[in-house]
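Take a look at the chain below. This short report starts with the core and then moves to the loops.

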Amino acid sequence: MLNSIKPKGKTIFLYLLVPVAMFVFTVFVPLITALVYSFFEWKGGPQKTFTGLQNYITLFADKTFWEAFGHNIYLVIACIIGQIGIAFILVIMVNSKLVKLKGMHRTFGFFPSTISAVCIGLIWNMIYHNQYGIINWFLKTIGRPDLCKVWLNETDKVMLLVSIPLIWQFIGYYMVIMLSAISSIDGEVFESAEIDGANGMQKAWYITLPLIKNTMLVCITLCIAGNMKAFDNIFVMTKGGPGTASMVMAMYGYQISFNQSNMGYGSCISVGIFVLSLLVIGGSQGLIKYFTREKEA
């Protein structure tokens, strides 16, 4: 018996060895390397000067970094409400008995999430363009050229404007995840609720949402993790401008590392992004579990 198990165990180990080694090499090695470099003043050449915790002291007092962190939190909140909230509403609608061709709705809803973030940024950059953008064209068409603006130069609106493409792109992604979770719910539960007189809103709030709460927690975790490292579409649309009005942490780290050739401080920023992301994810999960426990009690 043992002789028959050992070769199988070796085979499983060999199959797992390559992907695990690749994961360690692509995730943990760069993270550890960034942690090591964060203790040095390094301009990218062969010379490195050990500075201890000086980069972290500078980071703690860096107003631009904390402003960028605030912008990431703005993106997280906007996308949790916009992506997951709208996705849940669409899932309830698509899952209704009145809706036909559910597979088509699922496919077309998921399609934007397959497009590169750079392409999404270019598309929405054209939409917001002050000369040939569709928004200003529409305002001129309805006779309101006075409302036309250089939209991405509006300091007080730019974070909302860069959030909209992110929300639009990933609604279908979370919709597919939620649909897969709802499909595992026994249909008799909904039928019993209908017999008791529950309407669509009551079924969604009191039946669907509690039964897929673990899936919703996964969606929120993915949303936070994705938006704490947001970079691509913002780089294409604004490059963090005007000024630092749409600067996010990954963008700031990129500018410090490559535009200013300060690799040591850039590595410190990367470590800061990692730590803050873990804190935000952990804090959000703790809050969700606390409130759901209070509700159940």
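Which residues touch the most other members of the largest nonpolar core? This is a predicted model. The largest nonpolar core holds 61 residues, and Ile84, Met178, Met228, Met249 and Ile269 touch the most other members. Helix H7, residues 158-182, supplies the largest share of this core, with 13 residues. In soluble globular proteins, nonpolar side chains tend to be buried together.

Consider Ile84. Leaving out residues up to four places away in sequence, Ile84 touches Cys79, Tyr174, Met178, Met216, Cys219, Ile220 and Cys223.

Now the loops. Between helix H11 (232-237) and H12 lies a loop that includes Pro242. Gly241 and Pro242 are joined by a cis peptide bond, with omega at about -5°. Lys239 sits in the loop between H11 and H12 too. Ser261 belongs to the loop between H12 and H13.

Is Asn262 buried or exposed? Asn262 counts as buried because its relative accessible area is 17%, and buried means under 20%. Its side chain reaches the backbone nitrogen of Tyr265 at 3.3 Å. Setting aside neighbours within four places in sequence, Asn262 is in contact with Trp42, Lys43, Ile256 and Ser257.

Note on methods:
Residues are numbered from 1 along each chain as its sequence is written. This is a predicted model: local features need pLDDT of at least 70, side-chain atom pairs count only at pLDDT 80 or more; totals for chains, interfaces and linings use all residues. Side-chain values use heavy atoms; hydrogens and water are left out. A nonpolar core is a set of buried Ala, Val, Leu, Ile, Met, Phe, Trp, Tyr and Cys residues joined through side-chain atoms within 4.5 Å. Buried means under 20% relative accessible area, exposed over 50%, partly exposed in between (1.4 Å probe, protein chains only). Helices (H or I, at least four residues) and strands (E, at least two) are DSSP runs, numbered from the N terminus. Contact means heavy atoms within 4.5 Å. A polar contact is a pair of N or O atoms within 3.5 Å; within protein, one must be able to donate a hydrogen and the other to accept it, and residues adjacent in sequence count only if both atoms are side-chain atoms.
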